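Hi there,

I'm passing a structure over to you, and I hope you enjoy looking through it. Could you open it first and then read my notes alongside?

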Amino acid sequence: MIVVAIIVEGALTPESQARALAASGLDPRSTRSDGAVGATLRFEGIVRRDEPHPEQRGEPRALLGLEYQTYDPMAQRGLESLARAVAERHGLASIVVWHSRGRVGVGEVSFVLEISAAHRAETLAATASFIDAMKRDVPIWKSPVWA
Amino acid sequence: MTVDVLIFGPAAAAANTDRAPVSVREPATVRDVLTAIAAQHPGLAFALDGARLAVNQSLASPDTPVQPGDELALISLLGGG
């Protein structure tokens with residue numbers, strides 16, 4: 001079982017994810033070589049163009065982006081321990097999570113979760129389970145940067 | 001004793017600071033600190049519904065003792081993802 005949790009400065013791009021994963025020294029695709037993996041699910045969280053504005057009765061207001069703040073090192077540890085718990089509970093082959101810190105613009109990716117398991121049902125359940133728990137327990141905040 | 005509680009995200013933006021000093025009577029618990037934040041920082045009231053406290057970088061139960069010098073952080077209004 002491979003578990004990786006990485007916090008990256010700024011928006012997540014294929015390049016920044018690959019760099020961060022390489023630095024971890026772990027390769028989740030290696031779990032496919034023995035034929036036990038039947039499904040990989042990748043979830044991307046993307047910054048939308050607007051958010052409800054608290055001073056305008058919750059009406060949507062245009063954003064430039066979101067500013068993500070992490071409480072370190074608790075956020076990193078929280079992502080890791082949550083990933084490990086979800087992997088064990090759902091019998092995953094691998095789970096990799098990347099999360100942004102700092103400014104992420106509209107249309108850019110701030111969160112990626114990639115999960116592999118024997119069957120799709122485990123990957124779907126684990127994805128929902130991870131995201132729900134992360135939003136509840138991992139000390140990461142987002143603040144709107146209004147246009 | 002007076003303890004500083006670290007605050008983040010929307011709560012920090014609303015309070016215009018990243019730490020809130022709180023006076024509590026010793027011996028104090030997490031519950032006491034949360035109650036004191038509500039009483040001494042009314043501007044943070046909106047952030048206290050369901051709020052928890054991290055003590056020395058770990059989520060703590062309401063009965064956890066708080067000692068002088070502990071690192072305290074208000075865990076509320078999380079927005080990961």
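Below is what turned up, starting with the interface and then going through the sheets.

Please keep in mind that this is a predicted model.

**Where the chains meet**

The interface brings 20 residues of chain A into contact with 19 residues of chain B. Together the two chains bury about 1,600 Å², and carbon and sulfur atoms account for 54% of that area. Three residues stand out on the chain A side: A:Y71, A:M74 and A:W141 supply 42% of the area that chain A buries against chain B, more than any other three residues.

How many salt bridges are there between chain A and chain B? The count is one. The pair is A:D137 with B:R52, and their closest N and O atoms are 2.8 Å apart.

The side of chain A that touches chain B draws at least two residues from each of strand 4 (60-70), helix 2 (74-90), strand 6 (109-117), helix 3 (120-137) and strand 7 (140-146) of chain A.

**Strand pairing in chain A**

In chain B, five strands make an open sheet with mixed pairing, in the order 2-1-7-4-5. Strand 2 (19-23) and strand 5 (58-60) of chain B each have a single partner strand, so one side of each is left without a neighbour in the sheet. From one strand to the next, the twist averages 40 degrees.

Strand 4 (residues 52-55) of chain B pairs with strand 5 of chain B in the antiparallel sense over three bridges, with B:L59 as the bridge partner of B:A54. Helix 2 (residues 30-40) of chain B lies across strands 1, 2, 4, 5 and 7 of chain B, and runs at about 105 degrees to strand 2 of chain B.

Best wishes

How values were computed: Residues numbered from 1 in each chain as written. Chains lettered and ligands numbered in written order. Predicted model: local features only at pLDDT ≥ 70, side-chain atom pairs only at ≥ 80, totals over all residues. Heavy atoms only, no water. Pairing = 2+ DSSP bridges. Helix = DSSP H or I, 4+ residues; strand = E, 2+ residues; numbered from the N terminus. Axes fitted to C-alpha atoms, helices over the stretch in contact; angles between N-to-C directions. Contact = heavy atoms within 4.5 Å. Buried area = accessible area lost by both parts, 1.4 Å probe. Salt bridge = Lys/Arg side-chain N within 4 Å of Asp/Glu carboxyl O.
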